[in-house]
Amino acid sequence: MAHPSLVILTGAGISRESGLATFRDADGIWAKVRIEDVATPEAFARDPARVHAFYNARRAQLRDPAIRPNAAHRALAELDAAWPGELLLVTQNVDDLHDRAGSRRLLHMHGELMRARCMTCEAVHPWPDDLSTATTCPACGQAGGMRPHVVWFGEMPLDMARIGAALDRCDLFVAIGTSGQVYPAAGFVAEVAGRARTVELNLEPSAVASDFDEALHGPATETVPSFVARLLAGA
Ligand code: APR
């Protein structure tokens with residue numbers, strides 16, 4: 001097949017070599033703070049200042065000029081620009097490194113750290129700075145209702161219909177830098193198995209490694225550029 005339809009799923013592992021922590025590695029985010037305290041709607045209702053502080057710290061880190069897209073992000077952006085067939089990059093990551101690398105056909109299923117959403121009027125705004133309970137919405141002027149535009153545990157990921165349609169059409173599914181422990185993303189490979197070729201590029205086997213036809217283990221900045229080169233060479 002000349003140019004199979006591609007769906008690429010990425011997770012925190014693709015941003016690790018840019019200097020951003022993953023979630024479940026030994027030095028990961030969930031080793032330092034509990035999901036129940038900072039990443040659920042209940043946590044936000046109970047202690048919004050604590051949740052804002054957690055995301056303000058992550059947003060501040062992302063503004064650090066030392067945090068930049070790495071060779072894996074750049075290779076996927078090159079693939080996006082060069083691939084004449086269908087391609088959708090679905091990222092679980094809330095960082096903006098795929099965006100800054102130049103990926104266009106990109107969907108953030110868990111939202112974006114650099115955007116804020118008003119719970120009063122639902123408007124979503126670019127938001128590189130801190131948020132607090134005193135922040136007013138630029139659209140409706142209400143205070144107290146601004147939240148990170150990030151999907152919390154217990155909430156539905158974004159754009160699932162668009163993701164499902166892309167999975168229905170895909171001939172090649174590639175998962176990069178994700179531990180395969182969080183659904184629905186971890187279930188995408190099982191959804192396409194049997195009718196699409198499936199490849200896992202990860203530092204080590206994920207929890208769903210056995211669902212994949214092929215696996216390339218190693219750091220993303222090595223596996224992704226060589227995989228993209230293979231794809232563009234028509235291999
Ligand atoms: N190159 C490739 N893979 C790597 C690298 C690297 N340099 N470093 C780590 N990894 C792999 C790890 O082996 C692990 O399998 O990346 C994966 C990261 O897994 P998680 O930390 O669980 O991150 P992720 O799969 O993206 O988590 C999914 O869980 O907490 C929620 O919403 C959050 O989007 C996140 C979701």
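**Close-up views of a predicted protein–ligand model**

**View 1. The residues around the ligand.** Of the 23 residues around the ligand, those that come nearest are Ala 12, Phe 23, Arg 24, Thr 178 and Ser 179; a residue counts as near if one of its heavy atoms lies within 4 Å. The shell around the ligand comprises 10 polar, 8 nonpolar and 5 charged residues. In this division Ala, Val, Leu, Ile, Met, Phe, Trp, Tyr, Cys and Pro are nonpolar, Asp, Glu, Lys and Arg are charged, and the others, Gly among them, are polar. The model is predicted: local features need pLDDT of at least 70 and side-chain atom pairs pLDDT 80 or more, whereas totals for chains, interfaces and linings use all residues. Residues are numbered from 1 along each chain as its sequence is written, and side-chain values use heavy atoms, with hydrogens and water left out.

View 2. An N or O atom in the side chain of Ser 179 is 2.7 Å from an oxygen atom of the ligand. For Trp 30, a polar side-chain atom lies 2.8 Å from a ligand oxygen atom. Ala 12 contributes a backbone N or O atom, 2.8 Å from an oxygen atom of the ligand. The ligand taken alone exposes 740 Å², and the protein buries 95% of that; accessible areas come from the Shrake-Rupley method with a 1.4 Å probe, and for residues only the protein chains shown count as cover.

View 3. Thr 91 lies in strand β2, residues 87-91; strands (E, at least two residues) and helices (H or I, at least four) are DSSP runs numbered from the N terminus. With a relative accessible area of 0%, Thr 91 is buried; buried means under 20% relative accessible area, exposed over 50%, and partly exposed in between, with a 1.4 Å probe and protein chains only. A polar atom of the Thr 91 side chain lies 3.0 Å from the backbone nitrogen of Asn 93. Apart from neighbours within four places in sequence, Thr 91 is in contact with Thr 10, His 98, Leu 106, Leu 107, His 108, Met 109 and His 110, contact meaning heavy atoms within 4.5 Å.

View 4. The protein chain contains 8 helices and 9 strands. Buried residues make up 51% of its 235 residues.

Key: A polar contact is a pair of N or O atoms within 3.5 Å; within protein, one must be able to donate a hydrogen and the other to accept it, and residues adjacent in sequence count only if both atoms are side-chain atoms.
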